[in-house]
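Open the model in your viewer and keep the selection tool ready.

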Amino acid sequence: MQRSTTLTLDSAKVLRSNLIQRPKARSPLLMLSAEKDGCRSNSVYNPYNDRVYETKSDFSGYRFLGSSGKWFLVVDSRMKLYIIDVFSEKRIDLPPLESFKGSHFKIWREGEENVKHMLMDDEDPFCDEIPHAAEDLRGRLWVDDKNGNYVVVWQFEMYPFLGFCRTGDDHYREIPTELEVQRELRGLNDMVLKGYNLYVYATREFIRHLDLSGQDEDGFKDVSEKHRLPMWRPSMTMKERERMKQKRSIPSNKGIAVTRAGQVLLVFTYDLGTSESHRMFHLYKRDPKDLDPKTLDTRLLEVHSLGDEALFYDLGITVPADHTLGIEPNSIYFTRDDRICHNKLSCLDIGVFNLATKTVKRFHGLSNFNFNDAQWFLPS
């Protein structure tokens, strides 16, 4: 868990640089967000030199939803979405939420700071109108480093549809997560956006894989693999159960990540109640033979090593390790494990977990600051 702190980001300017300096490309940074008396402030922490930098622009009116390279998907208090460059004044205005076009749901604006959605049902003209504020939005972003093309995916948390747009779109398209979706692929526990590929961890623990590069009316295509059984974690041995019991491990959350090769990993997180490490991770993948119809054993395989890659759980992807950039191999960079679907007891916990040693590296310089949220990002 994040240690108790004594200074706010605003009151600790003496410890900070005045302007954020452009770091090496792909060096991991933390976007820190603080909120006090309804006012937000943001700073950037560089673990390489253990310093906090003020952002060059004023981002106090934004909530940070997700990132890709130096770009962040943000929403302001008026429920307007933007893509911003944290190192410059660049900002891309995205279509308004009420531009959403779908066959099942419609969205409209209610005042300056709220929007509503409802199910379009000819058989029930009195469907509930659901109001939303900026705090209800969850999102993923991908920006192409070469040409600047982007994809944005968002959701009102816990509601059965997604909205998405691509470069040049003037509206959002609808992706249903319940209606007209194959039973095994319904719902959403987590999602990862990697290029034009959207991976959805469905409620029944199957993976729904959507290609968002299509040019047809829907704009997406379901390219999910056909598996017979969900991504169920293998049963622990008696020895493993005893070891977890001794460590007082409490299952915290499960989500997904996607490797550079496009393989989906199931990520299990555990809280360690009495350990200084606080956090433990287990990774699993499907056995390739699972697609063989003759295969009876469909249990997942535990991933004991990421090799020369590191997993950034906020982004849901792995990247090449590079000691010169501060990216440690076979490690998981984490902040919170409920970025898309919040837990009732949500906890900010920042560190780097080494899969080989099962130890957590902490950044004690952060203990001087008081903040509500933090996200790892990899500026390009």
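Is Asp287 buried or exposed? Select Asp287: it is buried, because its relative accessible area is 17%, and buried means under 20% relative accessible area, exposed over 50%, partly exposed in between (1.4 Å probe, protein chains only).

Before moving on, note that this is a predicted model, where local features need pLDDT of at least 70, side-chain atom pairs count only at pLDDT 80 or more, and totals for chains, interfaces and linings use all residues. Residues are numbered from 1 along each chain as its sequence is written, and side-chain values use heavy atoms, with hydrogens and water left out.

**Around Asp287**

Stay on Asp287. It sits in the loop between strand S22 (279–285) and strand S23 (301–303). Strands here (E, at least two residues) are DSSP runs, numbered from the N terminus. Now show Arg299 and Leu301. Leaving aside neighbours within four places in sequence, Asp287 is in contact with these two residues. Contact means heavy atoms within 4.5 Å.

**A four-stranded sheet**

Next, select S16 to S19. They form an open sheet of four strands in the order S16-S17-S18-S19, with antiparallel pairing. Two strands pair if DSSP finds at least two bridges between them. Which strands are at the edges? Strand S16 (190–194) and strand S19 (221–222), as each pairs on one side only.

Zoom in on S16. Four of its five residues are buried. S16 pairs with strand S17 (residues 197–201) over five antiparallel bridges. Pick Val192: its bridge partner in S17 is Tyr199. Two residues lie between the strands of this hairpin, and Gly195 there takes a positive phi near 65 degrees.

Go across to strand S18 (residues 207–211). Two bridges join S18 to S19, and the two run antiparallel. Leu210 stands opposite Asp222 in S19.

**A second hairpin**

Select strand S9 (residues 105–110) and strand S10 (residues 114–119). Six bridges pair them in the antiparallel sense. Ile107 stands opposite His117 in S10. This hairpin has three residues between the strands, and Gly111 takes a positive phi near 80 degrees.

**Salt bridges**

How many salt bridges are there? The count is 14, where a salt bridge is a side-chain nitrogen of Lys or Arg within 4 Å of a carboxyl oxygen of Asp or Glu.

Lys116 is buried at 17% relative accessibility. Glu110 is partly exposed at 38%.

Now select Arg138 and Glu157. Their side chains meet in a salt bridge (2.5 Å, N to O). The pair links distant parts of the chain, 19 residues apart: Arg138 is in strand S12 (residues 137–143), and Glu157 is in the loop between strand S13 (150–156) and strand S14 (161–166). Arg138 is buried at 5%, and Glu157 is buried at 16%.

**Last stop: the cores**

Select Leu283, Phe312, Ile350 and Phe371. Of the 52 residues in the largest nonpolar core, these touch the most other members. A nonpolar core is a set of buried Ala, Val, Leu, Ile, Met, Phe, Trp, Tyr and Cys residues joined through side-chain atoms within 4.5 Å. Strand S21 (residues 264–272) gives this core its largest share, seven residues. Another core, of 24 residues, lies apart from it, including Leu65 and Trp154.
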